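Visitor: I have a protein model open and want to learn how to read it. Please take me through it feature by feature.

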Amino acid sequence: PLSDSVYQGTVWGPPLWNCDYEDARHAIQESGSAETVFADDLSCYRGFDASVTDEQILRTLTDCQQTLHAWGADNQVWFDPSKESRHVRTQSRPLGDLFKLLGITFDPRLKMETAVHEIAAQSHWRLSMVLRTRRYYSTSQLVHLYKSLVLAFVEFGTSATYHATDFALSPLDRVQKRLLEDLC
C-alpha cells in the first residue's frame, strides 16, 4: 500500500498513478460526459444544444463533478478545489472566467486574445535573446536558433492561435516580422 501518495518525477510515479486513477473516467462517462486525461489532469466536456438553458448546463456540470468526487471518496483520491472550474465555451453565451489548460490560457468566447498576447510576449523576449547573439552567428544559424527557441514556443500555442482572430494574432505577427526585418 502507498502511505504517502505517488511522488511526481519518480520512475514509478506515472504507471502507479495511471493504475490508481485510470477508472476515474468511468465516473465521468456515467454522468454522460466525455473526458480527457493527461497525466494527473482530468477534464470533462459535453456538447449541448443552444436551446438548453445555462442553469441546466451548470446543473449537468455540477452533477458530473459530484459523481467524480464520489468516485474519489470511494478510492481515496482528493481533488484540488483550486484547480476545478466550470466553463461554457461559446461565442454567444459564454460562462466562466479565463482558465489554463496545459499551459494555454483559454477564454470562454474562444477569442484567445489573452493567450496570444502571452505567447507573443514570451516569443518577443525569446527573439530578443536570439538577436542579441547575431554577431556570433551567421544568418542561417540565427534562423535555426529562431526555429528551435522561438518558433517551437509559438507552435506550443497552436491550440490558442488556431481559434484566434486575425486581429488577435497581430502581436504574434509583429514578432515574426521583427525577425525578418532585423535579418534583412
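Visitor: Leaving aside its neighbours within four places in sequence, which residues is Glu 35 in contact with?

Guide: Some ground rules come before the answer. This is a predicted model: local features need pLDDT of at least 70, side-chain atom pairs count only at pLDDT 80 or more, and totals for chains, interfaces and linings use all residues. Residues are numbered from 1 along each chain as its sequence is written, and side-chain values use heavy atoms, with hydrogens and water left out.

Guide: Contact means heavy atoms within 4.5 Å. Neighbours within four places aside, Glu 35 is in contact with Arg 25, Ile 28, Gln 29, Leu 42, Ser 43, Cys 44 and Tyr 45. Glu 35 itself lies in strand 1, residues 34-38.

Visitor: How are helices and strands assigned?

Guide: They are DSSP runs, numbered from the N terminus: helices are H or I with at least four residues, strands are E with at least two. Here that gives seven helices and four strands. From the N terminus on, the order is α-α-β-β-α-β-β-α-α-α-α.

Visitor: Back to Glu 35: is its side chain buried or exposed?

Guide: Take the scale first. Buried means under 20% relative accessible area, exposed over 50%, and partly exposed in between (1.4 Å probe, protein chains only). Glu 35 is buried. Of the 184 residues of the protein, 28% count as buried.

Visitor: What is the nearest side chain of opposite charge to Glu 35?

Guide: Charge is assigned simply: Lys and Arg are positive, Asp and Glu negative, and His and the chain ends are not counted. A salt bridge is a side-chain nitrogen of Lys or Arg within 4 Å of a carboxyl oxygen of Asp or Glu. For Glu 35 the nearest opposite charge is Arg 25, 5.0 Å away, and Glu 35 has no salt bridge.

Visitor: With which side chain does Glu 35 make a polar contact?

Guide: A polar contact is a pair of N or O atoms within 3.5 Å; within protein, one must be able to donate a hydrogen and the other to accept it, and residues adjacent in sequence count only if both atoms are side-chain atoms. The partner of Glu 35 is the side chain of Gln 29, at 3.2 Å.

Visitor: How many salt bridges are there by this rule?

Guide: The count comes to four. One of them joins Arg 93 and Asp 54, with the closest N and O atoms 2.9 Å apart. Arg 93 sits in the loop between helix 3 (54-74) and strand 3 (99-101), and Asp 54 in helix 3, so the pair ties together parts 39 residues apart in sequence. Arg 93 is partly exposed at 32% relative accessibility. Asp 54 is partly exposed too, at 23%.

Visitor: Which residue forms a salt bridge with Glu 118?

Guide: Lys 100 does, with the closest N and O atoms 3.9 Å apart. Glu 118 is in helix 4 and Lys 100 in strand 3, 18 residues apart, and the pair links distant parts of the chain. Glu 118 counts as partly exposed at 36%. Lys 100 is exposed at 57%.

Visitor: What separates Arg 178 and Asp 182 in helix 7?

Guide: About one helical turn, because they are four residues apart in that helix. Salt bridges that share partners join Arg 134, Arg 178 and Asp 182 into one network. In the Arg 178 to Asp 182 bridge, the closest N and O atoms are 3.7 Å apart.

Visitor: How many residues does the largest nonpolar core have?

Guide: A nonpolar core is a set of buried Ala, Val, Leu, Ile, Met, Phe, Trp, Tyr and Cys residues joined through side-chain atoms within 4.5 Å. The largest has 24 residues, and Ile 104, Met 112 and Leu 127 have the most contacts inside it. Strand 4 (104-106), helix 4 (113-132), helix 5 (139-156) and helix 7 (166-182) each supply at least two of its residues. Helix 4 gives the largest share, seven residues. A second, separate core of nine residues includes Tyr 21, Ala 27, Cys 64 and Leu 68.

Visitor: Which residues does Ile 119 touch, not counting those up to four places away in sequence?

Guide: Ile 104, Phe 153, Val 154, Gly 157, Ala 160 and Leu 172. Ile 119 is found in helix 4. Its relative accessibility is 4%, so Ile 119 counts as buried.

Visitor: What radius of gyration does the protein have?

Guide: This value is taken over C-alpha atoms, and the globule rule is 2.2 Å times the number of residues to the power 0.38. The protein has 21 Å, while a compact globule of 184 residues would have a value near 16 Å. The C-alpha trace spans about 60 × 50 × 20 Å along its principal axes.
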